[in-house]
Structures are given as structure tokens and as C-alpha cells.
Amino acid sequence: MREEEARLDKLESFLDQVDPPRSESEWRDPDSKVSNPMDAFKMIHRMTKEWPQIQKHSKAKTSKNSMLALYSDIERFKDTLPEDNDIEGSMRAVFRVQDTYNLTAKVLADGSLTKFGHPLTIEEIFEIGFIAVGLEKYQYAQMWFQEVLNRWPRGAKQIGFLDYISLLEYLTWSEFKEEMYESAIKHTKLILKLDPSNKAADTNMQVFKEALEEQNEKDKERKERKEKKKKKKRPKEDFGPFTMTDRYYRQCQGNEPMSDSMRRTLFCDLVHTPARFVLKPLKREQLFREPVVYMYHNALLDHEVDRIISISKPNLKRSHVHNPETGKLMYADYRVAKNTWLFDEQDELVANLFQRMGDITGLDMRYSEPLQVNNYGLGGYYEPHFDHSTEEQAKVFTSKWGGNRIATVMMYLSDVEYGGKTVFTDTHKGAVFTPEKGAVIHWYNLLRNGRTDRKTRHAGCPVVFGQKWIANLWIHEDGQMFRRKCLLDPYK
Ligand SMILES: O=C(O)CCC(=O)C(=O)O
């Protein structure tokens, strides 16, 4: 009887932690449960850490048939459930998002950034810090442990599996790793006050104090060295006091608005040519001048977008990039997305899209690569890169499609709830474009003299909430000589 009661208590306390959907729309839209990085973490955590516990309790000798059924259900789906490395993956996404958008642990843990966000429990917040330690990302570990400390109820010794002293130990260790010696000393003093016989804390205190002394001595000298290093790193052609990575982050955060003088030169109009657009003209907007980027609103219909996504979904695979030195395909941390390719002969809709993009750009689509459909999940991004091969890179595009990638056509197949903007990092301020379902953007990667347009380096910002779908068409140089005429001008 006692055994049965203990088991039921455990199951009940698990149930208390499960957040039921708060509204009917949340029930109807299961994607909303995982379109927020913290909710995705909660769900993966539950499946990898908590369900195995439930499974253990449902297998107990005293279990009723219904519990045994639950056990066998979990067993049946085991292979399709997330694993420990998925937790790590979801955490890497959270840390990336925190980094790019300067989000504090508090904001994310409160779950208040989206309508469906759920707050995290103290144990979950601790778990994130713990995972950060495992990934040796002490900066984040420190942030998340500090957040647990901020929420810790006065006088409590233990919450769930976590006790106060262990929390302080983890916190001081991450502070030490982050060279925050003063805080590490402060928190170690607290440990020693609560547990004067704690030998590890005693030893740590000595280490932290010595490290602080050394830091104070070296501080001035190090600062000067850092400043010099920073100056050296700056790229030759920059547009302000920031490096390319700084600019990528600043643009993603919305800290680089376009100047009024640039905005005044942009325009929008209706395009009636070629004849296909006479009855339904294209809504064209110039988004930027250097490079010239146009957006065509509503260029794709909703049902077309939905179909492209649904035929792509089953074939999505992790995206590759071309190694700039060897030209070979490889996985890279600077591109986190999944993609697949659609060919014009495979589907009438794809063939129609090729024709429409040819009409929009005026380019010969026989020299285009197939349609590359990309899906970015939580924290998915693509760091600054060129679409074509530049003069200093391996020539990867010479023969197969007919020369280098002269132009890019990017179709937005979804809106993105938060994040996921497209930004151009090597040009004037304001080259920041928001995904809009059904819209298409287009620019030339090469100047008319055939050389790289350095201002076309661009990136996809990390997705914070929701999913981002885009489709790319890269059109090549050959066959375009009468459609985009060459110039000998070295600057154009
Ligand atoms: O996701 C974006 O906004 C940019 C994507 C991109 O640059 C690419 O796929 O080459």
C-alpha cells in the first residue's frame, strides 16, 4: 500500500509540472508548443528525462493495466522520441538566440515573449545552466545559475532534486571560469557560512583570491592589448566602427536603421511587363540601393507556398556549404538549416515558378540551379556569406550550371514570428529585410564587369520564435549576355 502511495505521489508531482495548453487555439496548433525555444526545451526535457521516470513507475508490480499500457506505448515510440543530444541541440539554439538578440535568462525563463510561452520551473532553469557547463559554455551557465539564485525562495534549503549549496557551488565554478572572481568569492563566502566544514569551498576560496589578485595586476596591461587586437581585426572595407560579426548582430537586433537620405531615394511601383503581368501587375518595392535589392510582394499565392512546403518536407536534410578553399561540400556551424532541391521537370508548379522568376528577373532560367527549399527551425541561421564564388575562393560554379552565380532570387515561404531577418552586412545601414510570406527578393551578386559585388555579403538572422521557410534560385552567368549586358567599368 505504502509503495503504491509513493508511486502515485511521484506521478502526481510529474503531472503538476505538465503545462496543459491554455487555450483552444493552442490545442489546435500543436506547432505553437514547440515554436518557442523554451517550450521546445521543456518538451524535449520531458521526453528525455521525465518520461523514463514515468515509465519506471508504470512498470511497478502494483501497476494497473492502464499504466502498463502507458509503459508499452512509450516503449513503442522510443525510437522516434528525442534523445540527450537533442537537448544539447535545443540548448545551443537558445544560447545562440541569447547571444544574437541580447536576451537575458530572465526574459526567456519567464516565457513572456510570446503569447503561448510557459514559464520555466527553478529545476528547469538549473538544468539549462547544467547543460551549459557540459557544453563548456560558462558564460551562459553563469547567467542561468544566477537566475536560479534570483528566484530561490528565502530560507529554502532544497527544491526538488536541487539543494541550495550545490547551486552555489555550480554558480561559483562558472563565475570562476568566466573570470568573475569577486562574485565567485562572495558566493563561496556564503557557502562557508552555511557549511563551515565545506573543504572544497575552502580550497576554492584560496584559488579564487589568488586569481583575483593576478587579475588586478594584469588588468590594465590586458585591456590595452585587447584594444590593439580589436583594431587589427577590423576588415578593410567597413561601414562604421564595427566588424562584420558585430554588424550582423546589430542588424539582427534592429540597431542599424536606414538613413533618411537613403530611404528617400527608394521607390515602389507596379510592373506590367512582360505581358503575363498585364492583368495582375507585380507589386515591386526597391528595398535597397547598394546593392540594388527588389522585393516583389504577393509574387506567390498561398496555395503555391503551401504546396512547395508540403512536397519538400519529407526530403529535408541538414544543409551543406561549399568549403571556400577546396570547393567541396561540407557541414558547417555557420549554417544551421535543413534543405531539399526541387526540379522544374518534377512538378508543374515548380516549372511555373521557374517561368515566373524568369519573367520577374528578365534572366534566362535555363542557366538556373534547381529550387533550393530551406527550413530554419529554432535558432536556425546562416552567417554572413556570398552566394557566388569570389575571386579568392575555389571556383565551384564554373561548368555545371554555366559560370558563376550572377543573381539570387529568394522566395519567402513564411512570415517569422520573431527573428529570421535577411541582412546585408557589408554595406550602408538599413539593409535589413523582414520575411513576408509570398514575397520574393532579387539581387545581382556580380557587377556588370563580371567581378564580385562585395556589398552582397548577406546572412539569415537566427529564428527566435516560429519557423522560417525560404526557397532560393541561383541563376548563372552563361546565356545572360543579351539580358544583362557587360561593362568594362571597373566599378560597375
Ligand atoms: O535566410 C536568409 O534570409 C538568407 C539565406 C541565404 O542567404 C541563403 O540561403 O543563401
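**Reading the terms in a predicted model**

Me: How do you know that the shell around the ligand divides into 2 nonpolar, 5 polar and 1 charged?

Reply: The residues are sorted by type: Ala, Val, Leu, Ile, Met, Phe, Trp, Tyr, Cys and Pro count as nonpolar, Asp, Glu, Lys and Arg as charged, and the others, Gly among them, as polar. The shell consists of Asn374, Tyr382, Asp387, Thr422, His458, Gly460, Ile470 and Asn472, where a residue is near the ligand if its C-beta atom, placed from the backbone, lies within 6 Å of it. The division is therefore 2 nonpolar, 5 polar and 1 charged. This is a predicted model, in which local features need pLDDT of at least 70, side-chain atom pairs count only at pLDDT 80 or more, and totals for chains, interfaces and linings use all residues. Residues are numbered from 1 along each chain as its sequence is written.

Me: Why is lysine 328 called exposed?

Reply: Lysine 328 has 11 other C-beta atoms within 10 Å.

Me: Why is leucine 266 called partly exposed?

Reply: Leucine 266 is partly exposed because 14 other C-beta atoms lie within 10 Å.

Me: What makes Gln286 and Arg289 contacts of leucine 266?

Reply: Two residues are in contact if their C-beta atoms, placed from the backbone, lie within 7 Å. Leaving aside neighbours within four places in sequence, leucine 266 is in contact with Gln286 and Arg289.

Methods: Buried ≥ 20, exposed ≤ 12 C-beta atoms within 10 Å, placed from the backbone.
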